[in-house]
Amino acid sequence: MGIFERFLSVWVGLGMLIGIGFGTLFPELFSTLAEIQYAQINLIIAVLIWLMIYPMMMQVDFTSIRNIHQRPKGLIITVVVNWLIKPFTMALLAMLFIRYLFGPWISPELGDQYIAGMILLGIAPCTAMVFVWSQLTKGDANYTLVQVSINDLIMVVAFAPLAAFLLGVTDVFVPWDTLLLSVSLFVVVPLAAGVLTRHLIHNQVKLDKLSAALKPLSIIGLVGTVILLFGFQAQTILDNPVDIFLIAVPLLIQTYLIFAVTYWWMKKWKQPHCIAAPGAMIGASNFFELAVAVAISLFGTYSGAALATIVGVLVEVPVMLTLVAYANRTRQQFA
């Protein structure tokens, strides 16, 4: 393990501080960078995430994918947790903490919007960053791709009805441009690049060497993403520290809870670690681009719901790194 991987948490922590510091000192620069987006997806961050995902996509072998139906248990767990458990635990935790435990510090109107934003996060399982978490836990690239793809297909038909039901509204606008562009940028394009690379190289040893050579760039892409995310929201963090903390508490509990449920279930069903760890990461992390886009369309750019989804963005990377570390420490339990 190189210096980049060994001290990854340190680099991310420094990235958070640098992002807040630079975002405060150079707000115009970060405002300009934030505007380089399409369909609520920042194109600079998209390139950085693509840089992180590409090395893993080089490991995808379509001949192995054909046999994944012979190992259905990991897929079943992923689907059940993400669509029949996670949305409802998020709604319950949001109401418990925001409406009751933190009620004295939050107005009812603002609290309802915070709850709505958290619910939107809860019904949007991760599409992009899970490939990074899978790579960091030595996940099965083929199986992770199938897990993410199935979740994306379900999201197309289930996101709007679940959001309407849990939010208590009759009409939820699904930003199809955000959904489709994200799937294209974070799944289709890097997968095609990985397949092309495998086709051109034809040698697994050389592929492994190339993947190892690109790993520092992958870590740089992750830290760069953190710097930009915290830089974009630097003023929001400084202006709303108490509310951000209050929103973060149920989001943190939800993340660890969903990871624990999925990881335990994977172990109970005797799934290998290379399937269990990425499967638990999919539910624990969120498709925050979609959640932010829907929150803005339903409640407005400066609403409490939009702020709640942004807090989800801010806490995700550092929290997921703790889960990556835990998954790596407990690898032997799945042997």
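How many disulfides does the structure hold? The structure holds zero disulfides, a disulfide being a pair of cysteine sulfur atoms within 2.5 Å. The model is predicted, so that local features need pLDDT of at least 70 and side-chain atom pairs count only at pLDDT 80 or more, whereas totals for chains, interfaces and linings use all residues. Residues are numbered from 1 along each chain as its sequence is written, and side-chain values use heavy atoms, with hydrogens and water left out.

Cys-126 takes part in no disulfide, and the nearest cysteine sulfur, that of Cys-274, is 19 Å away; for Cys-274, likewise in no disulfide, the nearest cysteine sulfur is that of Cys-126. Cys-126 is buried, at a relative accessible area of 2%, while Cys-274 is partly exposed at 25%. Here buried means under 20% relative accessible area, exposed over 50%, and partly exposed in between, with a 1.4 Å probe and protein chains only.

Two salt bridges are present in the structure, each defined as a side-chain nitrogen of Lys or Arg within 4 Å of a carboxyl oxygen of Asp or Glu. In one of them, the side chains of Asp-140 and Arg-71 meet at 3.7 Å, N to O. Asp-140 lies in the loop between helix 8 (130–136) and helix 9 (141–167), and Arg-71 in the loop between helix 5 (62–65) and helix 6 (73–101), so this pair ties together parts that are 69 residues apart in sequence. Helices (H or I, at least four residues) and strands (E, at least two) are DSSP runs, numbered from the N terminus. Asp-140 is buried, with a relative accessible area of 16%, whereas Arg-71 is partly exposed, with 33%. The side chains of Arg-99 and Asp-112 also meet in a salt bridge, at 3.0 Å, N to O; because Arg-99 lies in helix 6 and Asp-112 in helix 7 (residues 108–122), the pair ties together parts that are 13 residues apart in sequence. Arg-99 counts as partly exposed at 42% relative accessibility, and Asp-112 counts as partly exposed at 40%.

Trp-265 is buried, with a relative accessible area of 17%, and Trp-269 is partly exposed, at 30%. Lys-73 lies over the face of Trp-269, at 5.7 Å from the ring centre; a charge sits over a ring if NZ of Lys or CZ of Arg is within 6 Å of the ring centre and within 35 degrees of the ring normal. Elsewhere, ring pairs link Phe-259, Tyr-263, Tyr-326 and Phe-334 into a cluster.

Definitions and conventions:
Rings of Phe, Tyr and Trp (its six-membered ring) pair if their centres lie within 6.5 Å; planes under 30 degrees apart count as stacked, over 60 as edge-to-face and the rest as tilted.
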